[in-house]
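The following exercises concern the model shown below. Each task is followed by a worked solution.

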Amino acid sequence: MLALPVLLPLATAIALHLLPHRPRLLRLVAFAGSLALLAAAIALFVRVESAGIQVLQVGSWAAPFGITLVADLFSALLVLMVGIIAVAVTGSSFAGVDPRREAFGYHALIHVLLMGVSGAFLTGDIFNLYVWFEVMLIASFVLMSLHRTRAQLHAAFTYVGLNLLSSAFLLTAIGLLYGQAGTLNLADIARAWPERRTPGLDAALSMLFLTAFGLKAGLFPLFFWLPASYHTPPAAVSALLAGLLTKVGVYAMIRVFTLLFPDPGARVYGVILVLSAVTMVVGLLGAIGQLDFRRTLSFNLVGHIGFTTVGLGLWTPAALGGSILYVLHHMLVVTSLFLVSGLFLRQRRTTDLRALGGLYRSQPAVACLAMVPLFSLAGIPPLSGFIAKLAVVGAVLAGNHYWLAGVALVVSLLTVLSMARLWDEAIWKPSPTDASLPRLGVAIVAPIAWLVALTLGFTVAAGPAYGVSMRAAAQLLDARGYIHAVLGEDAPRAAR
Amino acid sequence: MELLLAVVAGVLYAAGLYLMLRRRLGQLIIGLSLLSNGSNVLILAAAGVTRAKPPLITAVSVRADQFADPVPQSLILTAIVIGFGVLAFALVLAHRVHRSVGTDDIDAIGPDRV
């Protein structure tokens, strides 16, 4: 049950490798695999919601000795999002994939990536977390580097180099942590850590983890690889990477910090708050200056990562819950916006804003569909972005951090500006050429419609979504439940 | 022994990071491999080194501190395997870049539009 979100993509990836190379068949199998993943994720979420934290001791090794899979509400919510995004991204391949990519195992790689992401969300073992990071990185490296142009190769190399650097930092931190804690099980570390930690090691470890996860999440000043690489691959790949990978960094940061440094006053949380604020400002200032749809989105993605780490920095249930709500909203909206950029690539082979326009006149229904994620990211009420921002800013104000609330609101205004410009330049203004463009068919619009429907559903079900996020935050901030679920009452202590 | 390993790890980190700051692809890749080997040595040193006491346990009950801890060794083994795979990929990528661009200067590869 708990292992299904990992095993299903693995089985799908293996099947995709073994099947004869017929594009239509491969796409169908990949899509069916995603539907199965979504079903497993929904089942897992329902189970966690009704019966509390789920634990699986892999191979029946008792808790601190083997590898443990754990699903609390936060993990289950994120795995649910993986399923939703998987359906959208594999569904978008019916509209056509570059044949060269398809021949090199595009569909199988997507499922390997999904496996890595689900594994990272579900594992309860810190070294296993590193392994899942590597699984998803290798898949994303290959997806990124199936390219020919110079700009694309350059982007791939930046991406590979910096992500490997971040992995080395993570491995260093894990090594130091093991040296002191003597165990790799996250719950066991959390239990043993208070008596073994020393101030010096705390400082070193918190900075190493912050660097490693911050690089993956795209926090200032470690985000430069992201806008330099996310605008080059095909739309479906950048949608997948943008929707999932940075959120894995945010997830890992929240998970490890809440278990390892459960003291709200720690200096590292002040650092995280300042970095979040600077990330928001720098990301959005970068977005304002861009003349390309996907580069604008990439900078917006970076800027809004700030909103998802604020909750960790404030360390209050309301703030962390708000950030979790923000992560969920952001995954939906960013994925759909990168898929929208695929519409422009299909029509004009570019996402340069100066060459776009006229979509509203030619296909108003599609334009209205694209409007929902654009305005939702901008935070226009009553869409999901408004609700998530309200939750975060409300919690920031409740914590008396007025400067931070001010920064968040100014950044929201900049987002409105940036999104309004995207809407105006890419969709609203008349087409700069008279050439007739290919009409966008159902196959390429359907995945966007699926995500837009969920964004609207998120808006309608704002109350329950807010409630779930708050309960997830409460679970995270009180590690006792997590430790008890994994280790039980009388679990043996780690060997050393 | 720990001191020696710590110094080795530090030197490997320093050399690896220095090489990663260079502009040539080959040096970047060598830097990456030095860095990952540095972290392997660090894991060994941080977990403590026990000399000539392999964890091959035959007696029914033994004390844990009488044997070397096998966990860091298995971590390093896993990290070496992963590092090897990643390194092979990076080499192939560098080879493709070199073949299509004809240089290994990173800045000369992509006129990155800003």
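**Exercise 1.** In which helix of chain A does Leu259(A) lie?

*Solution.* Leu259(A) lies in helix 11 (residues 235-260) of chain A; helices (H or I, at least four residues) are DSSP runs, numbered from the N terminus. The model is predicted, so local features need pLDDT of at least 70 and side-chain atom pairs count only at pLDDT 80 or more, whereas totals for chains, interfaces and linings use all residues. Residues are numbered from 1 along each chain as its sequence is written, and chains are lettered from A and ligands numbered from 1 in the order in which they are written.

**Exercise 2.** Classify Leu259(A) as buried or exposed, and do likewise for Pro364(A).

*Solution.* Step 1 is the criterion: a residue is buried if 20 or more other C-beta atoms, placed from the backbone, lie within 10 Å of its own, exposed if 12 or fewer, and partly exposed in between. Step 2 applies it. Leu259(A) has 20 C-beta neighbours inside 10 Å and therefore counts as buried. Pro364(A), in helix 16 (residues 364-378) of chain A, is exposed because 11 other C-beta atoms lie within 10 Å. Step 3 lists contacts, for which C-beta atoms placed from the backbone must lie within 7 Å. With neighbours within four places in sequence left aside, Leu259(A) touches Leu186(A), Ile189(A), Ala190(A) and Ala479(A).

**Exercise 3.** How are helix 2 and helix 3 of chain B oriented to each other?

*Solution.* Step 1 gives the geometry: the axes are 10 Å apart and the angle is about 175°. Axes are lines fitted to C-alpha atoms over the stretch in contact, and angles run from 0 to 180 degrees between N-to-C directions. Step 2 classifies: angles over 145 degrees count as roughly antiparallel, so the two helices of chain B are roughly antiparallel to each other. Step 3 examines composition. The residues of this contact divide into 15 nonpolar, five polar and no charged; Ala, Val, Leu, Ile, Met, Phe, Trp, Tyr, Cys and Pro count as nonpolar, Asp, Glu, Lys and Arg as charged, and the others, Gly among them, as polar. Step 4 concerns burial: 18 of the 22 residues of helix 2 of chain B are buried, so this helix is largely enclosed by the rest of the structure.

**Exercise 4.** How many residues of chain B are in contact with chain A, and which helix of chain B gives the most to that side?

*Solution.* 30 residues of chain B are in contact with 27 residues of chain A. Helix 3 of chain B gives the most to the side of chain B that touches chain A, with 13 residues. The residues of that side divide into 21 nonpolar, seven polar and two charged.

Conventions
Two residues are in contact if their C-beta atoms, placed from the backbone, lie within 7 Å. Angles under 35 degrees count as roughly parallel, over 145 as roughly antiparallel, 65 to 115 as roughly perpendicular and the rest as oblique.
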